[in-house]
Amino acid sequence: MEGIMNKLRHLDAYPKVNEDFYSRTLSGGFITLVSSVFMLLLFFSEIRLYLHPVVETKLVVDTSRGETLRINFDVTFPAIACSILSLDAIDISGEQHLDVKHDIVKKRLDANGNVIEVRPDGVGSRKMEKPLQRQGGRLEHNETYCGSCYGAESIDGECCNSCEEVRDAYRKIGWAMSDLDLIEQCKREGFFQKIKDEEGEGCNIYGSLEVKKVAGNFHFAPGKSFDQSNIHVHDLQAFRKDRFNLSHTINRLAFGDYFPGVVNPLDGVQWMQKQPIGMYQYFIKVVPTMYTDENGHTIQTNQFSVTEHFKGAERGLLDNLSGVFFIYDLSPIKVTFAEGHVSFLHFLTNVCAIVGGVFAVSGIIDSCIYHGQKAMKKKMEIGKFN
C-alpha cells in the first residue's frame, strides 16, 4: 500500500516549495494586484455573456413561395395637399393597385406642420345628399339619384354619384379629365374650391401595403393614375397646374415587422426638391429575414439596403412621371438570427482559460522583472568593486 502511495506521490505535477525559500518582492505584489483586478473584470464579463442571450447569424437560400410582402410607411410632404396626392403599387407580374386607400390614413398639415384634419380616404370628397336630378331627367317619387359618368360607364346604367366616382370611371378606362367645370358632380361638391382651400398645405400619409413577394414599386405622385397605351401616367389636368413640390421626409419605412437590432436606413431621411420637374427614386434591395428569440418565437420579416437617384426632366416632358418612387427587388439569400445561451460547460471552460491565462502571463512578467532587477543589481555591485 505504501508503495502505491509513493508512486502516486511521484505523479504530483504541483511540487510544493518550502516557505523558507520564497522570495517576495514589491514588483510581484503590484503585478499580483493588477492581475487579480484584470481577472475579476474578465470573470464578470464572462458572467454577463453567460446570463444574456447571444445571437447566431446564418445565411441560407430563401426557398419560400407564395408569400406576401407587407410594407409599412409614414411619409410627410410639407408642400403638397392631401387632395392631390395619390399612392400606387405595381409589380413585375402585372398586378396594379392604383390610388390605394385601404389601410391608408392622410393628415392635412398647415404651413407649420400642425395637423388640420385626419381622414382615412384619399380625397375626402363629399357625396351629394340631395341631388336635384338624375341622368336623363328629374327624379320621380322614391326614385334614387343616378349621376352620369359622361361616357366612361363600364356597363350600361352605371351611376357616378360623386366627383370622385366620375374620376374613378375615367381612370378605369384610361381617359384623362380635361375640364372638371363641365362635370355636374364636381361643380356641386366644390371640387376646385376645396383644392384652392388646401393650397399651401402639406400632407402626412401613413399606413401599410400588402403586395406580392416579387419585385415592383410603389410611388407617391400628384393626380389620378391610369394606363394609357400600356403606359402608367397621372392625370394632372384636373388640378390646373403641372408643377408640384415633392419635397418629403420619410418618418418610417419598413418591409415587415420589427425585430431586435433592425436598422431601417430610410427612417428620418429628408429630401428637398430643387428642380421643378422630375422623379425621385429609391432603389431598394429587400433581404428576407427570420428572427427566432430564446423562447422559440419566430418573426418572419425583412431588412433592406437602398440607393437614391433623382431623374430630372426637361420643361414640357415627363410631367406625368413626377413623383417619389420606391423601387424594390428581393434578394435570394435569407438571413436568420437565432437567440441562444452559452452552455455551462462552455462558460466553465472560458473561466478556467481566464484564470490560467492571466496567472501564466502575470507569472512570466513577474519573472522577467525579478531576473532583470537581479541582473542589474549584480552589475552595480561588480562596478563598485572595480
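Author: A salt bridge pairs a side-chain nitrogen of Lys or Arg with a carboxyl oxygen of Asp or Glu within 4 Å. The model is predicted, so its local features need pLDDT of at least 70 and side-chain atom pairs pLDDT 80 or more, while totals for chains, interfaces and linings use all residues. Numbering starts from 1 along each chain as its sequence is written, and side-chain values use heavy atoms, without hydrogens or water.

Reader: How far apart are the closest N and O atoms of Lys213 and Asp62?
Author: Lys213 and Asp62 are paired in a salt bridge. The closest N and O atoms of this pair are separated by 3.6 Å.

Reader: How many residues apart in sequence are the parts that Lys213 and Asp62 tie together?
Author: Strands here are DSSP runs of E with at least two residues, and helices are runs of H or I with at least four, both numbered from the N terminus. Lys213 sits in the loop between β9 (202–212) and β10 (216–222), and Asp62 in the loop between β1 (54–61) and β2 (68–77). The pair therefore joins parts whose separation, counted in residues, is 151.

Reader: What is the N to O distance between Lys213 and Glu67?
Author: The side chains of these two residues also meet in a salt bridge. For Lys213 and Glu67, the N to O distance is 3.2 Å.

Reader: How many residues apart are Lys213 and Glu67?
Author: Lys213 is in the loop between β9 and β10, and Glu67 is in the loop between β1 and β2. The pair thus links distant parts of the chain, at a sequence separation of 146 residues.

Reader: What is the relative accessible area of Glu67?
Author: Glu67 falls in the partly exposed class. That class applies because its relative accessible area is 38%.

Reader: With which residue does Arg108 form a salt bridge?
Author: The closest N and O atoms of this pair are 2.6 Å apart. Arg108 lies in strand β5 (residues 104–109) and its partner in the loop between α5 (191–197) and β9, so the pair ties together parts 93 residues apart in sequence. Arg108 is buried at 15% relative accessible area. At 8%, the partner counts as buried too, and this partner is Glu201.

Reader: Which residues do salt bridges with shared partners join into one network?
Author: Arg108 is buried, with a relative accessible area of 15%. Salt bridges that share partners build one network out of Asp62, Glu67 and Lys213.

Reader: How far apart are the C-alpha atoms of Pro78 and Glu201?
Author: Pro78 belongs to the loop between β2 and β3 (85–91). Its relative accessibility is 43%, so Pro78 counts as partly exposed. Pro78 and Glu201 are 123 residues apart along the chain. Their C-alpha atoms are separated by 7.0 Å.

Reader: What separates the C-alpha atoms of Trp271 and Phe77?
Author: Trp271 is placed in strand β14 (residues 269–271) and counts as buried at 13% relative accessibility. Along the chain, Trp271 and Phe77 are 194 residues apart. Between their C-alpha atoms the separation is 10.0 Å.

Reader: How many residues of helix α3 are buried?
Author: Helix α3 spans residues 163–172 and is largely enclosed by the rest of the structure. Its buried residues include the charged side chains Glu164, Arg167, Asp168 and Arg171. Of the ten residues in α3, the number buried is eight.

Reader: What is the phi of Asp99?
Author: Asp99 lies in the loop between β4 (96–97) and β5, and at 11% relative accessibility it counts as buried. Its phi is positive in a residue other than glycine, with a value near 50°.

Reader: What is the positive phi of Asp103?
Author: Asp103 is placed in the loop between β4 and β5. With a relative accessible area of 45%, Asp103 is partly exposed. Although Asp103 is not a glycine, its phi is about 65°.

Conventions
Buried < 20%, exposed > 50% of the residue type's maximum accessible area, 1.4 Å probe, protein only.
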